[in-house]
Amino acid sequence: MSATSIDAKMLSQMFLAGAKNLEANQEIINELNVFPVPDGDTGTNMTATIMQAASEVYAEPDAPMDVICKSISSGSLRGARGNSGVILSQLLRGFTKVVKKHDEITGPVLAEAFEKAVETAYKAVMKPKEGTILTVARGAGDRARELAASGETDIEVYFTEIIRAASETLETTPDLLPVLKEAGVVDSGGKGLLEVLKGAYDGYLGKGIPFEQKTGAGCDSQAEQVEEVKLKYAYCVVLRVILSQNLNRKQMMDIRGFLSSVGDDVKVNDTGKGVFLHIHTNDPGLVIQKSLLYGEICEITVSNIAMEGHIDAPEGTPITSESLKLCEESEAGASPLEKVPAEHKDTGFVAVCSGVGMAEIFKSLGCDIVIEGGQTMNPSTDDIIKSAERVNADKVFILPNNKNIILAAEQAGKMTGDDRIVVIPTKTVPQGISALVNYIPGESAEENESSMREAISTVASGEVTYAVRDVVIEGQSIKQGDYMGIGDSGILCVGNNRVDVTVGMLEKLMKSDSELISVYYGEDVDENEAAGLLDRINSKFSGAEVELQYGGQPIYDFIVSVE
Amino acid sequence: MSKVAIVTDSNSGITVDEASKLGVYVLPMPFHIRDRDFFEGINIDQKNFYLMIDEGVEIGTSQPSPADVKALWDDILTDHDSIVHIPMSSGLSGSCESARMLAQNYNGRVEVADNKRISVTLRRSILDAKRMADEGMDAASIRKKLEETGLDTTIYIMLDTLTYLKRGGRITPTAAAIGTLLKIRPVLQLQGEKLDAYAKARTPAQGRKLMIQAIRDDIQKRFSGSRIVIDMAYTFDEEALLSFREEVKEAFPWAGEIYYAPLSLSVGCHIGPGALAVTATVCDGDPVSM
C-alpha cells in the first residue's frame with residue numbers, strides 16, 4: 001500500500017540517501033562543466049554542500065521534523081560551496097521553511113515546499129539564468145503543484161513524477177543555454193539536483209545507498225582529520241571563569257588564539273554568568289593558568305578523552321552539560337585561530353586566492369586573511385564567515401576573486417545578519433588586487449566600496465590553462481591538452497604553447513591607453529620560461545610597463561592583467 | 001607706515017630672481033653632497049640634483065645656517081622696520097625652530113611664522129604676506145593671519161616609485177605601510193605637519209585620477225564655501241606635469257592658468273624624480289562653483 005505522507009524519520013532517511021546519491025555521481029557531474037578546464041567542480045561543490053547538512057542530520061537520528069529541517073537548512077547554507085552549492089542550499093532552505101511546520105509531509109505540503117524552494121532560490125540569485133539548476137527545480141516544482149491541484153495523495157506518484165519532470169527539464173537545458181548546447185552537455189547543477197531527488201526516492205523505497213558518515217568521499221578527508229586530531233589530545237577541560245572585568249573583542253580573540261595553540265575543539269562563550277570554556281588539550285595546566293589571568297575559576301572538570309566512556313557531556317555533570325550547551329550556541333561564528341591580529345581596525349580584508357606567491361601579494365597589500373582556494377577549491381560560506389570572524393575589524397571586505405565564489409561570499413554576508421561583511425564581487429585575482437590597491441584608509445566604508453567596485457572595471461584579466469577534453473566553444477574547436485587563454489568574457493586564444501597563447505591573449509586585451517601589464521606565473525612554470533614571456537611581452541608591447549610576479553597558483557600557468 | 005620685509009626659504013619654490021621681482025627675500029636651502037656644499041637654485045639645479053640621486057649619491061639635507069639667516073636679517077633691517085620670516089613647515093624641518101631661537105635676539109623686529117606649508121602652497125603664503133605688508137599690516141598681525149590660515153591647503157603627490165621614499169630614512173613608516181611586492185605608485189597627502197600615505201595606484205593614469213578626485217573632495221568638504229586657487233608641482237619631469245596640468249584644467253575649468261613649479265629639492269630628495277603634485281589652497285574672495 002502506498003503511503004500518503006512522509007514523517008520525520010523518513011525525511012531524514014530520504015535526505016541522507018539523496019546526499020549519498022549526489023556524492024556517488026559527483027564525478028559525472030564534474031565532467032559536465034562547459035569550460036573544459038581542469039577544475040570542473042560542480043559535483044564536488046554540491047556534494048560538499050549537502051554533506052555538511054547530511055552529517056548534521058545523521059548526528060540526530062530521532063530528531064523531530066523541525067530539528068531535521070534546521071539541520072538541513074543551516075548545514076547546507078554554511079557548507080555551501082560554489083554557485084551551484086549556494087543555489088542548492090537556498091533550495092533546501094526554502095523547502096524546509098514549509099516542511100518544518102508539519103509533522104507529516106503530505107503531497108500538498110510537498111508541492112508547497114517545492115514552490116517555496118524555487119521561489120527562495122530564484123531570489124538568492126541576482127540575475128537568475130534559465131537552463132540551470134533553477135529551471136530544473138522549477139520544472140519539478142510545477143509538476144508537484146499540478147499533482148496537488150489534481151488531488152493526488154500518493155507520495156510514490158509525487159516522487160516518480162517530480163523526478164520525471166526534473167529529468168525532462170534537464171534535457172531541455174541545452175536549448176535554453178546555448179553554451180551547454182555547443183559543449184554538448186546538460187546543466188551540471190541541474191543534474192546534481194536530479195541525483196539528489198533520485199537518491200531521496202531510493203531512500204524512500206528503502207534501497208538508497210546507506211549513509212555512513214565517515215566513508216563518504218565528500219567528507220572523507222575532513223572526517224579522517226577529525227579522527228586524527230581527536231587522538232592528538234588526551235584531556236577534555238571544561239571550566240567556568242568569573243571575570244574580574246569584561247572582555248573586549250580583542251581579548252576574546254586572544255583567548256581563542258591561545259587555546260587553539262595548545263589544543264583543539266575550542267569553545268569559548270561569554271555568557272554574562274562567566275566565561276565557559278571547552279578544550280581538548282594535552283596540558284590542562286596551561287589552560288587553567290591562562291584562565292586565571294582573566295578572573296576566578298569557579299567550576300572545572302578535567303577528563304581523559306582516551307579512556308573508555310568519555311563523552312563530552314557526561315550526564316549528571318551539570319557544569320559540563322550546561323557549559324557545552326552554551327558553548328555550542330556560540331559556535332556558529334567561533335573558530336580556532338592561528339594568529340590574533342594585534343590591533344583593532346575599522347576595516348579589514350579577506351581574500352580568496354591560491355598559490356603562495358598570490359597570498360604574499362595580497363598580504364603585502366594589506367589583506368588580513370587569505371583563504372587558500374579559488375578555481376580548484378571553492379571555500380564554503382562557513383569558511384568565509386569564520387575567516388571574517390578572525391579579522392579584528394568593524395567592517396570586513398571579502399574579495400572572492402572568482403565568479404564561482406561570489407555567491408557563497410554574499411551568503412556569508414547575509415548569514416552573519418549584520419552589515420559587517422561587505423563583498424566586493426571580484427571575479428578574478430587581478431580584479432581583487434586592483435580593488436585592494438584602490439582601498440583608501442580613512443575614507444568611509446561606503447566610499448571605499450564604491451571606489452573598489454569601480455576599480456574592478458578598470459582592469460582586464462586573462463588566465464591561461466589547458467583543456468581536459470575536446471570541445472567546441474564559441475565556435476572554436478579545442479583539443480584536449482591545448483592551452484586556452486580565457487578573458488573576462490570568454491576564450492580569447494587557443495594554441496599548443498602557453499607562452500604564445502599568453503601573448504596572443506594579451507594582444508586582445510591591450511587597448512590604446514593601456515599602461516600596465518601584470519603577469520603572475522603559476523607553480524608549473526619555471527623562472528626561465530616566465531622570463532622568456534617577459535621578453536616577448538616587452539618587445540611586443542613596448543609602450544606599456546610590464547611587471548612579472550610569481551603567483552604560484554596551480555592549474556593556471558599564467559594569470560595576466562591589463563590596465 | 002612701518003616697512004615690513006617678507007623672508008622665506010627656497011622650499012617655497014621661489015627663486016632668487018623671482019624673489020627680487022616680487023620684492024621678497026629668499027634663503028637658499030643648503031645641501032651637502034660629496035663633501036661639497038650646494039645651495040638650491042644657486043649652484044645646483046634640478047637636473048644635476050636628480051642625476052646624482054639616481055646614481056645613489058648620498059645627499060645631506062640641512063637648514064640655512066644661523067649665520068646666513070642672521071646676516072640676511074641684519075642686512076634687511078638696515079632699511080626695514082621689521083621682518084616676517086616664513087620658513088618651510090616645522091613638521092618637515094627644524095628651520096622654523098632655529099629661526100625662532102634666533103629671532104629672540106631681535107626685540108620683536110623679526111616675526112617667525114610657522115604656517116605648516118611647503119612648495120607652491122608656501123609660495124601662496126608669501127604672496128599673501130607681501131600683499132598684507134604692502135597694505136600696511138604690521139609684522140605680528142601678518143604672522144598671526146598666516147598661522148591661522150596655514151592649514152587651509154591640501155597637497156597630493158604621486159610618486160613614480162617607492163624606491164626613494166624607502167631609501168630616505170625619514171618617511172619610512174609611510175613607505176612601510178604601502179605594499180612592496182607589486183609596483184605601486186603611492187599617492188601621498190601633505191597636510192601641514194606630516195607627509196602621509198593617502199592611496200595607491202598601479203598606473204600613472206589611475207594616480208592622476210585619484211589626485212583630482214581627492215582635490216575635488218577636499219574642495220567640496222573641507223573647503224566648502226571658500227575661494228580656491230589650484231597650483232601644481234613636480235620633480236624633474238616637466239613634460240609629465242604639463243600633460244597632467246591639462247587634465248587638471250579640464251577637471252577644474254574655473255582654475256584658469258594653473259601656476260606650477262618644481263618641488264623643492266628638500267622634498268625631491270625623499271621622493272625622487274617623476275613625482276606629480278596638485279594642491280588646493282583657500283584664498284580671499286568668493287567661493288568657487290564646482
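Trainee: How do helix α3 and helix α4 of chain B pack?

Mentor: In this predicted model, α3 (residues 66–77) and α4 (residues 95–103) of chain B pack at an angle of about 55°, and their axes are 11 Å apart.

Trainee: Which residues of α3(B) and α4(B) meet?

Mentor: From α3(B) come B:Pro66, B:Val69, B:Lys70 and B:Trp73, and from α4(B) come B:Ala99, B:Leu102 and B:Ala103. By class, this contact has six nonpolar residues, no polar ones and one charged.

Trainee: What makes A:Glu119 and A:Lys123 a salt bridge?

Mentor: The cut-off is 4 Å between a side-chain nitrogen of Lys or Arg and a carboxyl oxygen of Asp or Glu. The closest N and O atoms of A:Glu119 and A:Lys123 are 3.2 Å apart, so the pair counts as a salt bridge. Both residues lie in helix α6 (residues 107–124) of chain A, four residues apart, which is about one turn of the helix.

Trainee: Why is A:Lys123 called exposed, and why is A:Glu119 called partly exposed?

Mentor: Exposed means over 50% relative accessible area, and buried means under 20%. A:Lys123 has 66%, so A:Lys123 is exposed. A:Glu119 has 35%, so A:Glu119 is partly exposed.

Trainee: How do you know that A:Glu545 and B:Lys183 form a salt bridge?

Mentor: Their N to O distance is 3.8 Å, and the limit is 4 Å, so the pair qualifies. This pair crosses between chains: A:Glu545 is in strand β17 (residues 545–550) of chain A, and B:Lys183 is in the loop between α8 (172–176) and β9 (185–191) of chain B. A:Glu545 is partly exposed at 27% relative accessibility, and B:Lys183 is partly exposed at 27%.

Trainee: What makes B:Arg185 buried?

Mentor: The relative accessible area of B:Arg185 is 3%. Buried means under 20%, so B:Arg185 is buried. B:Arg185 forms a salt bridge with B:Asp160, with the closest N and O atoms 3.6 Å apart. B:Arg185 lies in strand β9 and B:Asp160 in the loop between β8 (153–158) and α7 (163–167) of chain B, so the pair ties together parts that are 25 residues apart in sequence. B:Asp160 is partly exposed, at 31%.

Trainee: How many salt bridges does the structure hold over all chains?

Mentor: The structure holds 47.

Notes:
Residues numbered from 1 in each chain as written. Chains lettered and ligands numbered in written order. Predicted model: local features only at pLDDT ≥ 70, side-chain atom pairs only at ≥ 80, totals over all residues. Heavy atoms only, no water. Axes fitted to C-alpha atoms, helices over the stretch in contact; angles between N-to-C directions. Helix = DSSP H or I, 4+ residues; strand = E, 2+ residues; numbered from the N terminus. Contact = heavy atoms within 4.5 Å. Nonpolar A, V, L, I, M, F, W, Y, C, P; charged D, E, K, R; others polar. Buried < 20%, exposed > 50% of the residue type's maximum accessible area, 1.4 Å probe, protein only.
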